[in-house]
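Hello,

Here is the structure we talked about, together with its sequence.

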Amino acid sequence: MKKDLKTRNPFRRVTYISPINEIIDNAFQQSQAVRRTRIKKRISREQKLSFLEKDRIVTLTYELTRKIDSIIDQFPWVETIHPFYQELCNLVGSVDKIKQVLGRLKGISNQLHEIEREQLQKLNDTNHPNVMASVRKETGGRYVSLVKKAQGDVKYLIRIVKKLKSVPDFNTTLPTIVIAGAPNVGKSSLVRCISSGSPEVGEYPFTTKQIVFGHANFGLTLVQIVDTPGLLDRPFDERSLIERQSIASIKHISDVIVYMFDYSKNSELSAKEQNHLLEDISNEFCDTPTIRVLNKVDLLTNEEITKAKAEFNTEFHMSTLEDKGLEGLVEALKTMVLTMLETKEKFKDVAKLSISEEFLPQEEEDFSYDI
Ligand SMILES: Nc1nc2c(ncn2[C@@H]2O[C@H](COP(=O)(O)OP(=O)(O)OP(=O)(O)O)[C@@H](O)[C@H]2O)c(=O)[nH]1
Ligand SMILES: [Mg+2]
């Protein structure tokens with residue numbers, strides 16, 4: 001995989017997809033602008049006309065295929081992109097459909113070249129100016145009806161890309177901590193406290209509608225901290241598109257999940273629902289280590305905190321509003337990330353890159369992070 005693909009949202013390389021009408025209008029304008037043949041030598045009027053009509057057809061074909069091919073070339077190869085982005089494709093459309101659409105576009109581009117060959121041959125076979133003009137018009141007609149078949153397909157790609165381009169860059173080479181939990185528990189507040197990310201914090205549930213990446217320097221390495229939209233306690237089939245994005249990030253990119261609980265009176269989900277939600281997540285993604293955190297302790301009495309600890313089995317207790325009690329969580333995360341760098345095969349290279357020279361072992365076999 002190219003470095004670019006490891007560190008960026010692959011859909012960001014798509015700069016502009018022209019709608020079909022624009023492609024057609026532009027190509028015809030370019031073709032009509034060809035007024036004089038480029039052939040300079042002394043030839044008959046009929047020959048000049050033949051060259052002119054050929055030039056127009058060649059220009060028309062070139063402009064149409066150039067724009068169609070550029071859609072195909074700009075589009076990432078959906079089979080090779082990270083599963084996280086593949087799943088997002090499937091949320092807003094379908095990987096299979098994208099592949100079919102791109103295949104159909106390639107087919108249209110090839111057919112344009114075939115028609116061009118046929119029509120140029122027809123021009124070679126005639127000396128008659130009227131026939132030449134009608135061959136050119138016929139070519140235009142065939143092209144338009146062929147290219148217009150792609151109208152719906154191109155609209156589909158434009159729609160998909162618009163949605164996928166707004167997904168932030170995910171760096172597959174960095175350890176990734178996903179902050180998850182019910183709506184309004186303080187996920188975005190935590191991300192703001194412990195990373196460079198600055199997601200919006202709002203009084204109301206469902207403030208976060210999109211995954212947001214922040215970064216934190218954990219001394220020996222940079223980590224990604226991901227803010228996710230709040231999840232309700234309900235079956236996957238009933239989840240909204242926004243919630244499904246959260247699930248996709250938990251599923252495909254999390255190396256650690258920080259699950260936040262809220263025991264205060266204004267909590268969106270009951271304690272039972274919050275526990276059930278975590279149970280669901282853990283059952284689904286049982287391999288990913290999860291840290292349980294109780295937030296908003298500033299709103300709780302000591303007695304309530306004790307009750308919450310018992311009910312949620314939380315390891316850390318904090319107030320992101322007052323920026324209190326976060327140190328323990330950050331230290332625990334640092335330790336987990338360091339262990340991961342040592343043990344997880346996928347971080348083999350990034351560990352070497354991000355750890356400064358003095359911490360690097362002399363021998364590859366003795367690779368360790370003891371400092
Ligand atoms: N009292 C108190 N309020 C908090 C704390 N953390 C967050 N809040 C408030 O809770 C509300 C929601 O905070 P967010 O950080 O937006 O919560 P979220 O989990 O990202 O919410 P969604 O994105 O809507 O799921 C805001 O009004 C915050 O100011 C806390 O520790 N104590
Ligand atoms: Mg939020």
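**What was found**

Please keep in mind that this is a predicted model; the mean pLDDT of the chain is 90, and 92% of its residues reach 70 or more. The exception to watch is residues 356–371, over which pLDDT stays under 50, and for this stretch the model has 13 contacts beyond four places in sequence. Where pLDDT is low, the predicted coordinates should not be read in detail.

Turning to the overall fold, you will find 13 helices and six strands in the chain. With a radius of gyration of 29 Å, well over the 21 Å that the globule rule gives for 371 residues, the chain is more spread out than a compact globule. The C-alpha trace spans about 100 × 55 × 30 Å along its principal axes, and of the 371 residues in the chain, 36% are buried. Among the contacts in the chain with a separation of 6 or more, 70% come from residues 24 or more positions apart.

The last part concerns the ligand. Ligand 1 is surrounded by 23 residues, of which the closest are Gly-186, Ser-188, Thr-208, Gly-230 and Leu-321. Which helix gives the most to the shell around ligand 1? That is helix 8, formed by residues 187–194, which contributes three residues.

Best wishes

Note on methods: Residues numbered from 1 in each chain as written. Chains lettered and ligands numbered in written order. Predicted model: local features only at pLDDT ≥ 70, side-chain atom pairs only at ≥ 80, totals over all residues. Helix = DSSP H or I, 4+ residues; strand = E, 2+ residues; numbered from the N terminus. Rg over C-alpha atoms; globule rule 2.2 N^0.38 Å. Buried ≥ 20, exposed ≤ 12 C-beta atoms within 10 Å, placed from the backbone. Contact = placed C-beta atoms within 7 Å. Near = placed C-beta within 6 Å. pLDDT = per-residue confidence, 0-100.
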